[in-house]
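Me: I would like to go through a structure by question and answer. Please show it first.
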Amino acid sequence: MKNRTAVVTGASSGIGKGIATMLLAEQCRVVVNGRTITGVFPPSDRLVSNDHDLTDPATPSLLLDDACLCFGECDYLFVNAGVFASGMIGDIDIEKICDMARLKVETSYRLIYTFLKYFKERGKGHIFITSSVLGTKVRETAGAYAGCNYALEALAEALRMELADTDIQITCLEPGLVKTGLHRDWKVPPSVLLNISDTLMPEDIAAAVKDIIAKPAHIRIPRYMILPKGHRI
Ligand SMILES: NC(=O)c1ccc[n+]([C@@H]2O[C@H](COP(=O)([O-])OP(=O)(O)OC[C@H]3O[C@@H](n4cnc5c(N)ncnc54)[C@H](OP(=O)(O)O)[C@@H]3O)[C@@H](O)[C@H]2O)c1
């Protein structure tokens, strides 16, 4: 990873912050994105902070430009920013669902579309998508959230086949419950609802990413599910 360049969205908290912290510790050069990213990481000549809203269609190109202009290249894209709008179908706030779909699906597709063109020109690259265990199955009150993750899994699966003979890799991370800001608005914490005493931490996901990147180039990891003990789903 040393002297490689990564772009990480959703890096101002939670999983993205954990991944970016690990990448910086491994001497990677990192472009971090989040609307509240300013001041989250100490200044470094290996770091560029970008605070553009991802739902602006111009943001993906700005992030690629940041990587190429500041560091000369981009090797890894982490498509990670997200929100979790939950609720029973009959009670759901449709505007929150549409905002979630816009961020998790539309902006992720735009990011991948933009970076894939660059990776194809370059002949190599690795795209990590933070999907979820709820990109592989559904539970009550999470139909729309799972649907967004299913959309990411479908894109990743098609890309895996389309890119099979190239040096462009795609990996869907499928975490179970991770302690982050994702559930900050929930009245009852998900660890209580799901009866999970030891949730995953962002560092656990970052360690998984480190393992995946360390694999020999002929090994592909299209999907990586990681669950905490006691997560019955
Ligand atoms: N936590 C879990 O249990 C879990 C499990 C499986 C999958 N995931 C997935 O992991 C990903 C990261 O979530 P997290 O758990 O780390 O939650 P988090 O701590 O709430 O982080 C979400 C990140 O998304 C960014 N974001 C939200 N809206 C944005 C926007 N419009 N433009 C740019 N950035 C935006 C936030 O930054 P700003 O607010 O600064 O913009 C923040 O950095 C999500 O896709 C989530 O679905 C989480």
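Me: Which helix gives the most residues to the shell around the ligand?
Reply: This is a predicted model, in which local features need pLDDT of at least 70, side-chain atom pairs count only at pLDDT 80 or more, and totals for chains, interfaces and linings use all residues. Residues are numbered from 1 along each chain as its sequence is written. Helices (H or I, at least four residues) and strands (E, at least two) are DSSP runs, numbered from the N terminus. With 3 residues, the element that gives the most to the shell is H1.

Me: How many residues surround the ligand?
Reply: The closest are Gly-10, Gly-14, Gly-34, Arg-35 and Gly-82. The shell has 12 nonpolar, 14 polar and 3 charged residues, where Ala, Val, Leu, Ile, Met, Phe, Trp, Tyr, Cys and Pro count as nonpolar, Asp, Glu, Lys and Arg as charged, and the others, Gly among them, as polar. The number of residues around the ligand is 29.

Me: Which residue of S3 is the bridge partner of Val-31?
Reply: Strand S2 (residues 29-33) and S3 run parallel and are joined by 4 bridges. In S3 (residues 47-50), Val-48 and Asn-50 form the covered face, while Leu-47 and Ser-49 form the uncovered one. The partner of Val-31 is Val-48.

Me: How many residues are in the largest nonpolar core?
Reply: A nonpolar core is a set of buried Ala, Val, Leu, Ile, Met, Phe, Trp, Tyr and Cys residues joined through C-beta atoms within 7 Å. Those with the most contacts inside the largest core include Val-30 and Ile-205. Helix H1 (residues 14-25) gives this core its largest share, 6 residues. The size of the largest core is 46 residues.

Me: Why does Gln-27 count as exposed?
Reply: A residue is buried if 20 or more other C-beta atoms, placed from the backbone, lie within 10 Å of its own, exposed if 12 or fewer, and partly exposed in between. Gln-27 is found in the loop between H1 and S2, and has a positive phi of about 70 degrees although it is not a glycine. Gln-27 counts as exposed because its C-beta neighbours inside 10 Å number 11.

Me: Which residues does Asp-198 touch, not counting those up to four places away in sequence?
Reply: Asp-198 is found in the loop between H5 and H6, and counts as exposed because it has 12 C-beta neighbours inside 10 Å. Two residues are in contact if their C-beta atoms, placed from the backbone, lie within 7 Å. Asp-198 touches Pro-228 and Lys-229.

Notes. Two strands pair if DSSP finds at least two bridges between them. A residue is near a molecule or strand if its C-beta atom, placed from the backbone, lies within 6 Å of it.
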